[in-house]
Amino acid sequence: MPDERKTDRYAMRRDAAGWTCYAIWTGDPAVVGGVAQTGLSEADARHMVGVLNAQARRGDSSMRRG
């Protein structure tokens, strides 16, 4: 497993309407700009998880779960 994956804060899972990006530690959906990241396409969820984890690795706390 790559080192950055060991410290990921966000992951994705299937939901009733598509895919959800969620905070690994809490299981809560990630919220970006006041919008829960649920019901996404698989490609959009994969992209959002990448963005959120990259921001978290840089120490940017502007995108936190709600």
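In helix α2, the residues Ala45, Met48, Val49, Leu52, Asn53, Gln55 and Ala56 are buried, where buried means under 20% relative accessible area and exposed over 50%, with partly exposed in between (1.4 Å probe, protein chains only). Seen down the axis of α2, these buried residues fall within an arc of 160 degrees, so they line one face of the helix; the arc is that of the directions from the helix axis to the C-beta atoms. The model is predicted: local features need pLDDT of at least 70, side-chain atom pairs count only at pLDDT 80 or more, and totals for chains, interfaces and linings use all residues. Residues are numbered from 1 along each chain as its sequence is written, and side-chain values use heavy atoms, leaving out hydrogens and water.

**Helix α2**
- Helix α2 covers residues 42-57; helices (H or I, at least four residues) and strands (E, at least two) are DSSP runs, numbered from the N terminus.
- On the other side of α2, Ala43 and His47 are exposed.
- The cover over the buried residues of α2 includes β1 (10-15), β2 (18-23) and β3 (31-32).

**Gln37**
- Gln37 lies in the loop between β4 (35-36) and α2.
- With 9% relative accessibility, Gln37 counts as buried.
- Apart from neighbours within four places in sequence, Gln37 is in contact (heavy atoms within 4.5 Å) with Trp19, Thr20, Cys21, Ala30, Val32 and Met48.

**Strands β1 and β2**
- β1 and β2 run antiparallel and are joined by six bridges; two strands pair if DSSP finds at least two bridges between them.
- A hairpin of two residues connects β1 to β2.
- Met12 stands opposite Cys21 in β2.

Conventions
Expected span 1.5 Å × (residues − 1).
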